[in-house]
Amino acid sequence: MQHFRILIPVAALLLLFFPVRILQATGLFLVLLMASSWLLSAMPRRALRIETGRPLMRWFLHEKNLMRLTICNDSLFPLSLLLLKDETGGLHATTDQVKIVHLPPRSQTEFSYEVWSSQRGLFRLGPLRLAASDPFGFFPWETTWEAERLVFVYPTISHLALPVRHGQSGGPRKSHNPIFLDPTQLRSIRPYEAGDDPRFMHWPASARSGQLQMKEFLRTLVVPFYVVLNLNEADYHLRRKSTHRERCIEAAAAFANLAASEGYALGFACNGTHPPGSHHRLGLDNITKEVLLVPLG
């Protein structure tokens, strides 16, 4: 823009002080050119709209996710050669995070790229940096779009298998002991045998078949999970301290994932801390910040 400012006083001089038609026509042309360039630069910029989607995202460690942003031009003027760059806030991203697009009038385009993280924690995406100009390059501009998006990166989830060698394992496992009969889970119906408890008689089925029928229930033993995660730095050796803490976090996440997938009751306690401002985003306003305690449920 610095190089073209001289055209404005030149056009004014030609229009005001040179009564020659061809020079005045040249001055008028420069004035119209500068005015149209300013309109083509200012109007699309004011009508630019960006839709960022979800303000809060949850990912897993090393998991690649596709970030999508919609760039909308709501003006009657085209927006050519718009440069976009989204700041990833420490996340790894492909080269597609920088892109040049052309937006015709009343149109929109999608800006997408892949991101992933090699560290667990809280990350903030943004701001989105934009730069463009009019088609003649007289009025370039740059701006930032403050669209903060929070990304919680969870630890890697390992799938656990608990082999039963003797006794009963935790969780709703099948048991052959009738003391663990679950009358809420009907498995099948069988004919009556001597010694069966008449309280479990299936009368509708008995009436239809003409023989006494008994209800058979699943025999289960429910032992809840309670995960206690100690993240006190003093309890870890100085050598590879961060690696050991991350392994403990991954182990706690694996047990929590097992409980969720198998339908076990789960409780959780941890003396770690969340990043500032994350309690409200995670819906943990009612939980103390000194010790994270999730009751059994």
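## Basis of the description

Because the model is predicted, local features are given only where pLDDT is at least 70 and side-chain atom pairs only at pLDDT 80 or more, while totals for chains, interfaces and linings use all residues. Residues are numbered from 1 along each chain as its sequence is written, and side-chain values use heavy atoms, with hydrogens and water left out.

## Helix H4

Helices (H or I, at least four residues) and strands (E, at least two) are DSSP runs, numbered from the N terminus. Helix H4 covers residues 241–262, a run of 22 residues, and its span from first C-alpha to last is 32 Å, close to the expected 32 Å at 1.5 Å a residue, where the expected span is 1.5 Å times one less than the number of residues. Just after H4, Gly263 has a positive phi of about 80°.

The buried residues of this helix (buried means under 20% relative accessible area, exposed over 50% and partly exposed in between, with a 1.4 Å probe and protein chains only) include Lys241, Ile249, Glu250 and Leu258. The buried residues of H4 pack against strand S15 (225–229) and strand S16 (266–270), with contact taken as heavy atoms within 4.5 Å.

## The sheet beside the helix

Three strands form an open sheet with mixed pairing, in the order S15-S16-S17; two strands pair if DSSP finds at least two bridges between them. S15 and strand S17 (292–294) are at the edges with a single partner strand each, so one side of each has no neighbour in the sheet. Neighbouring strands of this sheet are turned by 10° against each other on average, direction ignored, with axes being lines fitted to C-alpha atoms, for helices over the stretch in contact, and angles running from 0 to 180 degrees between N-to-C directions.

Between S15 and S16 the pairing is parallel and runs over five bridges, and Val228 stands opposite Ala269 in S16. H4 packs on the sheet, touching S15 and S16, and its direction makes about 165° with that of S15.

## Strands S2 and S11

Strand S2 (residues 56–60) has a covered face, formed by Met57 and Trp59, and an uncovered face with Leu56, Arg58 and Phe60. S2 pairs with S11 in the parallel sense over five bridges, and Arg58, from the uncovered face of S2, stands opposite Phe152 in S11.

## The largest pocket

On a 1 Å grid over the protein atoms alone, a cavity is a set of points where a 1.4 Å probe fits but cannot get out, whereas a pocket is an open set with protein on both sides within 12 Å along at least five of seven lines, and lining residues have an atom within 4 Å of a point. Grid points are joined across faces, edges and corners, and a volume is the space filled by probe spheres set on the points.

The largest pocket has a volume of about 990 Å³. Of the 30 residues lining this pocket, the closest to its centre are Tyr154, Pro155, Phe268, His274 and Leu292. H4 gives the largest share of the lining, seven residues, and S8, strand S11 (149–154), H4, S16 and S17 each supply at least two.

## Backbone features in loops

Arg106, in the loop between strand S6 (98–103) and strand S7 (107–116), has a positive phi of about 55° although it is not a glycine, and counts as exposed at 59% relative accessibility. Arg240, in the loop between S15 and H4, likewise is not a glycine and has a positive phi of about 55°; it is exposed, with a relative accessible area of 54%.

The peptide bond from Gly126 to Pro127 is cis, with omega near 0°, and Pro127 belongs to the loop between strand S8 (121–125) and strand S9 (128–132).
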